[in-house]
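Welcome, and thanks for taking a look at this one with me. Here is a short briefing, grouped by topic, to read alongside the model.

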Amino acid sequence: MSAALHPKLALFEEGDAATLLPVVDHYCGVELRMRKSLELQAQMGPLFDITLDCEDGAPIGGEAEHVLLVSELLNSNLNRHGRVGARVHPLDHPAFEADVDGLLALAGERLAYLMLPKPRSLADVHKAIAFIDDSLQRHGVEKPLPVHVLIETHGALRDVQAIAAHPRIESLSFGLMDFVSAHRGAIPRSALSVEGQFTHPLVARAKLEIAAAAHANAKTPSHCVVTEFKSARAILAAATRAAREFGYTRMWSIHPSQIQPIIDAFAPSVAEIDEAIEIIHAAQAAHWAPIQHRDSLHDRASYRYFWQVLERAHRTGQALPAEVCRAYFETC
């Protein structure tokens with residue numbers, strides 16, 4: 001098995017597959033919570049990303065000091081897995097340039113990504129990335145720095161396909177609360193609830209357009225927060241719908257108790273994993289020609305799906321047979 005062509009080489013052309021990100025993007029901006037989140041990530045491993053928040057997390061008037069704190073944490077030994085990013089202020093905020101410059105000057109090599117909130121158009125994204133790239137060069141940061149974009153305005157949703165196509169973009173997130181607020185009361189408060197955010201037509205449309213744009217451009221769609229953080233049932237229900245019905249492969253967490261339910265919801269079931277292993281093994285043995293499996297025909301189109309099931313199992317820390325780990329993944 002291990003000598004045969006790897007599924008990634010057999011099934012995908014260069015650039016077809018999206019960068020595989022952890023299924024949870026955990027947000028925190030208060031120092032105590034940032035430190036506790038980093039400690040939890042150090043214990044659990046890189047099953048979730050952490051985004052240190054320089055936008056909502058920074059006190060008004062204390063933006064520069066907050067950048068210093070975030071940079072200190074990025075450079076600390078708590079950042080063990082290299083999966084910590086930061087959200088900066090929006091492009092039109094006076095602190096945007098100082099946020100970017102400060103983070104890249106002090107901790108550019110330790111950042112996993114930058115999150116850009118509230119762009120109003122593709123033009124805003126271009127301007128922000130141009131400044132980020134200038135700052136990278138100015139501070140001698142050699143590593144590529146992915147940019148994530150938060151879609152939460154009418155203009156960004158209008159331009160979402162073009163934003164997703166930008167080569168510097170790695171992920172698109174949906175900003176539920178700002179998107180609802182942008183409708184000036186036309187969308188009721190119920191659309192912010194666990195149930196309403198999936199059933200209100202305008203909100204559901206936005207979610208679907210973001211997911212579709214991300215997948216069309218091999219980028220990662222990241223689902224919005226669930227504010228009912230004390231309810232494990234609520235977060236599990238929302239994460240399951242986001243993954244199974246709306247096509248999201250990543251989701252925001254705003255409380256540590258939400259992390260594991262999101263991982264559980266985004267993980268394939270044992271039955272799905274077993275089926276995927278059987279089909280990928282049989283396909284590899286057939287040198288990726290069509291096969292019959294349990295009275296169903298499969299070819300490379302379905303092989304891609306089942307390989308992605310295995311990737312998702314690995315990304316969510318599911319137990320995989322040792323021979324599967326050795327053949328397909330560097331670590332398990």
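Helices (H or I, at least four residues) and strands (E, at least two) are taken as DSSP runs and numbered from the N terminus. This is a predicted model, in which local features need pLDDT of at least 70 and side-chain atom pairs count only at pLDDT 80 or more, while totals for chains, interfaces and linings use all residues. Residue numbers start from 1 along each chain as its sequence is written, and side-chain values use heavy atoms, with hydrogens and water left out.

**Helix α3**

- The expected span of a helix is 1.5 Å times one less than its number of residues.
- Helix α3 covers residues 63–75, 13 residues in total, and its first and last C-alpha atoms are 18 Å apart, close to the expected 18 Å.
- Buried residues (under 20% relative accessible area; exposed is over 50%, partly exposed in between; 1.4 Å probe, protein chains only) of α3 are E63, H66, V67, L69, V70, S71, L73 and L74.
- Their cover includes α2 (31–44), β2 (48–53), β3 (84–87) and α4 (96–107).

**Packing of α4 and α5**

- With axes as lines fitted to C-alpha atoms, for helices over the stretch in contact, and angles running from 0 to 180 degrees between N-to-C directions, α4 and helix α5 (residues 122–138) pack at about 35° with axes 9 Å apart.
- Contact (heavy atoms within 4.5 Å) is made by F96, E97, V100, D101 and L104 on the α4 side, and by A128, F131, I132, S135, L136 and R138 on the α5 side.
- Those residues divide into seven nonpolar, one polar and three charged, where Ala, Val, Leu, Ile, Met, Phe, Trp, Tyr, Cys and Pro count as nonpolar, Asp, Glu, Lys and Arg as charged, and the others, Gly among them, as polar.

**Cysteines**

- A search of the whole structure finds zero disulfides, a disulfide being a pair of cysteine sulfur atoms within 2.5 Å.
- For C28, the nearest cysteine sulfur belongs to C54, 11 Å away; C28 counts as buried because its relative accessibility is 7%.
- For C224, the nearest cysteine sulfur is that of C28, at 18 Å; C224 counts as buried because its relative accessibility is 1%.

**V180**

- V180 sits in helix α8 (residues 176–181) and counts as buried, with 7% relative accessibility.
- Apart from neighbours within four places in sequence, V180 is in contact with I187, P188, L192 and V203.
- The C-alpha atoms of V180 and R294 are separated by 47 Å, and the two residues are 114 residues apart along the chain.
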